[in-house]
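Student: I'd like to work through this structure with you, one question at a time. Could we start with a contact and then move on to the helices?

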Amino acid sequence: MQLSDRITGLFLAGLGLAAAWGGSRLPAVPGQDVGPAAFPMLIGGGLILCGVMIAFGIGHSFEVPEEAEDERHSSAYGLRALLPPGLLLFYALAVDHLGFMLTAAFIVASAALALGAKPKLAVPLAIGAPIFVHAVFAKLLRVPLADGILPAFW
Amino acid sequence: MNDMIEAVRLVLAWDVLIAIMASAVYGLVVGSLPGLSATMATALLVPVTFYLSPIAAIATIITASAMAIFSGDIPGCLLRIPGTPASAAYTDEAYAMTRKGQAELALGAGLWFSAIGGIVGTISLVVMAPMLAEMALSFSTYEYFWLAFLGLMCATLVARSSPIKAIASMLLGLLFACIGMENPAGTPRFVFGVTNLLGGIEPIPALVGVFAVSEVMRAMVTAAPPKLPDRKFGSILKGQWGLTKKYQWQMWRGNIVGIIIGVLPGAGADMAAWVSYAMSKKWSKEPEKFGTGHVEGLVEAGASNNASLASGWVPALLFGIPGDTITAIAIGVLYMKGLNPGPTLFTERASSMYALYIIFVLANIIMIPLGIAMIRLASRILRAPRSSVMPVIILLCAVGAFATGANLFSVFLVGVFGCVGYVMERNGYPVAALVLGIVMGSMVEQNFITSLIKSDGNPLPFIERPVSAVLASLTLGALLWPAGVWVFNRMQRRRAAA
């Protein structure tokens, strides 16, 4: 997801403005000149300055060109990058209801298939990886992974 | 002496030895897989360290990072794809050697000189840290503020990107660090009514997100690396002693440059390798051979990147300022395990410090046999399809983030930081500077506000003490350096045009 420097610079300047404004509204500490507002306001000011400079292309000559995305595909292909954070969101929302085993199996299978794995690789991976991760984290390290509708067999 | 005996006893505990062996194998495997960096390997280990004893936890971080930096050389040499950014500097050279039929020599040089570099770096840590610790005992909040600020500025200076973008990344990290109640007044800041944000942004979900999730996101939209041809290797260490004698000067220069770059806050193994490779080429008697499969640059840069790893722990242990992204993670683990960084660590917890030194030496010694085994197994491990590795990593990111506080909000944060890291990298914003900002944010703010309160709002005491004056001028120099370079380049271009 490549954006122009103008867009990212203006976004940062806007963020800096919001941080400085938000910081300025924080309550002061009674009897002290400096409080919780000082640092966010300073950072906000810095971000505004940097954002404006980036938007004007200052410092661009120092940059190393980025590796291009796979250009054989359409621009919608780039949306595939959103799958991993989407799967993490799914994990956070579903694991308490479905349980670790089913949620993990779904995540592994989806990611493997999206990366071009054939079902003969994706299915054993979706069965084996959750069992292995559960054994390490829940059994050995005592992390409380949710049982849900399919508890681990040990 | 008693501290030393106690340190040996701590390291020889069975849980520490198992942790060293397991993290060594883990580091070697992860480092050898293209696209999975040493930082990512270390970040994914952090949730596991929660459940280990303090020394075992630190041992896993030290061993896994040292092994991963070395094994990053393997795919670089065989496939021309650096396993870690620290190997990128000399990947073309190593691959050219493979094409000439000298893969064993290139891989052996990577292994041998990495181990030497690691041991020399450890010696520098042993010598330098206690000396600096005595000096640091007289530091006040002014010096700590400037040190932390200098660390952040160095991170922006060494980034291979626009310095303005690097500073913006660092400021963004500091802004993330403002979230929560950890501020001078204990006021909720930027929490937007979300209870989970009251405790602030933990560095671990941020690290796992920007280093691991963003890598999986990138794998989703880039072509898979080529398959490794099947081949058998001859003797790996054959000829290395000869190279050590022939390129003795280059090896020592690499070690020293690595140590200096490692000590510099914010600059890590990748920068050490780039600088050393460039120096090797510049001062070589045979510069024309560089790029055609010449081992000289590998000797110097291989020694340099591992030397920087150990010396990077100097600012981390003394001031809590990360030498690089790996020590940024290590600082989190140190705090978690009650080994709070600071000069008193060397006086009050001397046995733990000695144990840390022993682990460094041990990790670099076992690197040689395990590294040889890894090189021999490389053709099998490197054949693991990306579609089988990345799904397991995404699962580990979710479970690892959850394990840090048994809170599903951390998993959500990992996803958010994955997106932030991915977008930033695609647009030339260095994520290492963001991470350093997050890790060091509360320290910078605490020292800044305390200093301002002490001085009653007067900025003069910030530069009155001799050490703080030196640190302030170095920081301002680092801040103004890119502007100077930019103006100079512009003037030169104008002169050339006229």
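Student: Happy to begin! Which residue forms a salt bridge with Lys165(B)?

Tutor: Good place to start, and keep in mind that this is a predicted model. The closest N and O atoms of the pair are 2.8 Å apart, and a salt bridge needs a side-chain nitrogen of Lys or Arg within 4 Å of a carboxyl oxygen of Asp or Glu. The partner of Lys165(B) is Asp5(A).

Student: Why does that pair join two chains?

Tutor: Look at where each residue sits. Lys165(B) lies in helix α9 (residues 163–178) of chain B, while Asp5(A) lies in helix α1 (residues 5–24) of chain A. The pair therefore joins two chains, through α9 of chain B and α1 of chain A.

Student: How many salt bridges are there over all chains?

Tutor: The pair Lys165(B) and Asp5(A) is a salt bridge. Over all chains, the count comes to 8.

Student: How far apart are the C-alpha centres of the two domains of chain A?

Tutor: Chain A is divided into domain 1, covering 5–62, and domain 2, covering 81–140. Their C-alpha centres lie apart by 39 Å.

Student: Now to chain B: are α3(B) and α4(B) roughly parallel or roughly antiparallel?

Tutor: Helix α3 of chain B spans residues 38–49 and helix α4 of chain B spans residues 54–71; they pack at about 160°, with axes 9 Å apart. Angles over 145 degrees count as roughly antiparallel. The two helices are therefore roughly antiparallel.

Student: Which residues of α3(B) make that contact, and how many of the contact's residues are charged?

Tutor: On the α3(B) side they are Ala38(B), Thr42(B), Leu45(B), Val46(B) and Thr49(B). They face residues of α4(B) including Ala57(B), Ile61(B) and Ser65(B). By class, the contact has 8 nonpolar and 4 polar residues, and the number charged is none.

Student: What term describes how α3(B) lies relative to α19(B)?

Tutor: The axes of α3(B) and helix α19 (residues 386–403) of chain B come within 7 Å and cross at roughly 45°. That makes the arrangement of α3(B) to α19(B) oblique.

Student: Is the crossing of α3(B) and α19(B) left-handed or right-handed?

Tutor: In this pair, Met40(B), Leu44(B) and Pro47(B) of α3(B) meet α19(B) residues, among them Ile393(B) and Leu396(B). For α3(B) with α4(B), the crossing is right-handed. For α3(B) with α19(B), it is left-handed.

Student: Finally, which residues of α16(B) does α4(B) meet?

Tutor: Helix α16 of chain B covers residues 325–336, and α4(B) packs with it at about 170°, the axes being 10 Å apart. That makes them roughly antiparallel. From α4(B), Ala57(B), Ile58(B), Ile61(B) and Ser65(B) meet Ile326(B), Ala330(B), Val333(B) and Leu334(B).

How values were computed. Residues are numbered from 1 along each chain as its sequence is written. Chains are lettered from A and ligands numbered from 1 in the order in which they are written. This is a predicted model: local features need pLDDT of at least 70, side-chain atom pairs count only at pLDDT 80 or more; totals for chains, interfaces and linings use all residues. Side-chain values use heavy atoms; hydrogens and water are left out. Domain bounds come from an automatic or database domain assignment. Axes are lines fitted to C-alpha atoms, for helices over the stretch in contact, and angles run from 0 to 180 degrees between N-to-C directions. Helices (H or I, at least four residues) and strands (E, at least two) are DSSP runs, numbered from the N terminus. Angles under 35 degrees count as roughly parallel, over 145 as roughly antiparallel, 65 to 115 as roughly perpendicular and the rest as oblique. A crossing is left-handed if the near helix is turned anticlockwise from the far one by less than a right angle, and right-handed if clockwise. Contact means heavy atoms within 4.5 Å. Ala, Val, Leu, Ile, Met, Phe, Trp, Tyr, Cys and Pro count as nonpolar, Asp, Glu, Lys and Arg as charged, and the others, Gly among them, as polar.
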